[in-house]
Amino acid sequence: AKSLGENSTQLFTQSLRVDANNLQLLQTEIDDAIKRGEIEPWFQPQIRLCDGRLHGVEVLARWRHPTRGLLTPDRFIPAAERAGLIIDMDHTIWRSAMAHAVLWQKEDLWRPCISLNAAPDTISDPYLIERFLLELQRSGLGVDQVNIEVLETTLINGADDMAAINIDSLSECGIGLELDDFGTGYASLSKLTQLPLNGIKLDRSLVAPLPDAAADSVIRAILALASELGLSVVAEGVEEDVQAQHLNDRGCAIAQGYGYAKPMPAAEFRTWLEKHAK
Ligand code: C2E
Ligand code: CA
Ligand code: CA
């Protein structure tokens, strides 16, 4: 989520500036990292509030950098966007995540339902549908087992025709679409009716102040609207029992956050699954 472009050089400014000369260097470093498999999918459980059981997972990128250690997306996604490599990076993470998921399915641990993040450029890519459907088919997962999370900014700033066409095509193929970081942007309400969405993800900033009365009014209004429009709601950043309880009381079906589990690498999530999925 968050500001794309603006602080895109965070990671690299200490050592090198991203000017024309260094863009090449940055591209090479990220490109190598993708090829070497240093950028990998982590998995964060999404929990059904009614019974505490696993609903799905969100796939979140991490870079195991050989010298800088484990990097979170804010440290490298803006750079990948700047370097023109975000589309490849997204597809690499998606493929790897789907490969892990299908193994858990084969082991009969869980019938996976995974949510993939997509950068604005990835959504506007003319080859998105072709590429993604091929990856999905090769993975062996069904269309009903994958969701794509799109940011509001994808549809507002980058409101190009290609993004709109791709969104419609994904939906027609039966891929679930979720509006990410809902409640942080503008034009949210009109977008909710204009797009073929399956659900929204309530931003952490709306969840954190609960059970505060003002926050509660906002949550109730959003849940009523979502219900009216037939949209599922996943609350993000649920850290405290009191928040989960409150969201459940208000009719929110699914929660994700450190209160349940942090994002985990594949092996650790597999262990988590053995304990929690059945
Ligand atoms: P997001 O899609 O809103 O993802 C949720 C972020 O909230 C994740 O940060 C997650 O680790 C964090 N989080 C989850 N539960 C809690 C909680 O209880 N408390 C707090 N404080 N944080 C929580 P992360 O993994 O650092 O990812 C940041 C952003 O980077 C994501 O925000 C998403 O927009 C982007 N991103 C992550 N993976 C990918 C990817 O594969 N492709 C693209 N294009 N973007 C990605
Ligand atoms: Ca997301
Ligand atoms: Ca989010």
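## Salt bridges

A salt bridge is a side-chain nitrogen of Lys or Arg within 4 Å of a carboxyl oxygen of Asp or Glu. This is a predicted model. A search of the whole structure turns up 16 salt bridges.

One of them joins the side chains of Lys201 and Glu58, with N and O 2.8 Å apart. This pair links distant parts of the chain. Lys201 sits in strand β7 (residues 199-202), Glu58 in strand β2 (residues 54-65), and 143 residues separate them. Both Lys201 and Glu58 are buried.

Lys201 has another partner. Glu149 forms a salt bridge with Lys201, and their closest N and O atoms are 2.8 Å apart. Glu149 belongs to strand β5 (residues 146-151) and Lys201 to strand β7, so this pair ties together parts 52 residues apart in sequence. Glu149 is buried, as is Lys201.

Which residues make up the network of salt bridges? Glu58, Glu149, Lys201 and Glu236 are linked in it.

Arg131 lies in helix α6 (residues 128-139) and Asp88 in helix α4 (residues 86-106), so the pair ties together parts that are 43 residues apart in sequence.

## The calcium site

The protein donors of the calcium ion (ligand 3) are Asp180 (OD), Asp181 (OD), Glu236 (OE) and Glu236 (OE), at 2.2 to 2.4 Å from the ion. Along the chain, these donors follow the spacing D-D-x54-E.

Asp180 in strand β6 (residues 176-182) and Glu236 in the loop between β8 (232-235) and α12 (241-249) are 56 residues apart. Asp180 is buried, and Glu236 is buried. Asp180 also bridges the calcium ion (ligand 3) and the calcium ion (ligand 2), which lie 3.9 Å apart.

## The nonpolar core

In soluble globular proteins, nonpolar side chains tend to be buried together. Here the largest nonpolar core has 80 residues. Ile114, Ile148, Leu202, Leu247 and Phe269 touch the most other members. Helix α4 gives the most to this core, with nine residues.

What does Leu247 contact, leaving aside its neighbours within four places in sequence? Its contacts are Leu49, Leu202, Val207, Leu210, Ile219, Ala235, Val238 and Cys252.

Note on methods. Residues are numbered from 1 along each chain as its sequence is written. Chains are lettered from A and ligands numbered from 1 in the order in which they are written. This is a predicted model: local features need pLDDT of at least 70, side-chain atom pairs count only at pLDDT 80 or more; totals for chains, interfaces and linings use all residues. Side-chain values use heavy atoms; hydrogens and water are left out. Helices (H or I, at least four residues) and strands (E, at least two) are DSSP runs, numbered from the N terminus. Buried means under 20% relative accessible area, exposed over 50%, partly exposed in between (1.4 Å probe, protein chains only). A nonpolar core is a set of buried Ala, Val, Leu, Ile, Met, Phe, Trp, Tyr and Cys residues joined through side-chain atoms within 4.5 Å. Contact means heavy atoms within 4.5 Å. Donors are N, O and S atoms within 2.8 Å of the metal (3.2 Å for Na, K and Ca); water is not among the atoms, so sites may look incomplete.
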